Amino acid sequence: MVKIIASSVRKGNVLEVDGKLYVVLTAQNFHPGKGTPVTQVDMRRISDGVKVSERYRTTEQVERAFVEDREHNFLYEDGDGFHFMNPESYDQLTMSVEDIGDLKAYLQEGMMVILSVHEGVAIAIDLPRHVTLEIMETEPVVKGQTASSSYKPAILSNGVRTLVPPHITAGTRVVIATEDGSYVERAKD
């Protein structure tokens, strides 16, 4: 275990609190005008999936569990969950739908991801920052709309809704940020 200050906790970190492991979902630092700065940490208990919200003083020490971050190849999804393979040892790991959460929409076959492994169990996943997807449907261009100020809704090939600039049409391949599902740019392929 490594002790770190609460203000340096980030999304995806694994903390040990009262002998149980938690994966950090969000971590925000608050600096009120008066009083002590605090870090609000929302996390999920790995053993049973219970979500917990904790508040620490930013200088308070928390225990970060030792996890191994390794690159894995996403193979497929079935009734058991999502299957990943270590390209060096060919060992396979499975993660449940609950562990993957909303990120499952961005997983693509063959995609390289970083899995956080603790004692042989995959507990957290880190996707590439951007994925390339196709626009399945979007509204037609409205004449006179300025490109800089207005975005229009669109549905991606993975079923996720996002906002795109007016010049993007159905069938266009675009780069999407996996963190929040926002439009980054038109794909260069």
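Strand 15 (173-177) and strand 16 (183-186) run antiparallel and are joined by three bridges, where strands are DSSP runs of E with at least two residues, numbered from the N terminus, and two strands pair if DSSP finds at least two bridges between them. This is a predicted model, in which local features need pLDDT of at least 70 and side-chain atom pairs count only at pLDDT 80 or more, while totals for chains, interfaces and linings use all residues. Residues are numbered from 1 along each chain as its sequence is written, and side-chain values use heavy atoms, with hydrogens and water left out.

- Together, strand 15 and strand 16 form a hairpin with five residues between them, and Gly 181 in the turn has a positive phi of about 75 degrees.
- Within this pairing, Val 174 has Arg 186 in strand 16 as its bridge partner.
- Strand 15 also pairs with strand 12 (residues 130-138), in the antiparallel sense and over five bridges, and here Ala 177 in strand 15 stands opposite His 130.
- Four of the five residues of strand 15 are buried, meaning under 20% relative accessible area with a 1.4 Å probe and protein chains only.

**Thr 178 in the loop**

- Thr 178 lies in the loop between strand 15 and strand 16, and it counts as buried because its relative accessibility is 7%.
- A polar atom of the Thr 178 side chain lies 2.7 Å from the backbone oxygen of Pro 128.
- Leaving aside neighbours within four places in sequence, Thr 178 is in contact (heavy atoms within 4.5 Å) with residues including Leu 103, Tyr 106, Pro 128 and His 130.

Definitions and conventions
Buried means under 20% relative accessible area, exposed over 50%, partly exposed in between (1.4 Å probe, protein chains only). A polar contact is a pair of N or O atoms within 3.5 Å; within protein, one must be able to donate a hydrogen and the other to accept it, and residues adjacent in sequence count only if both atoms are side-chain atoms.
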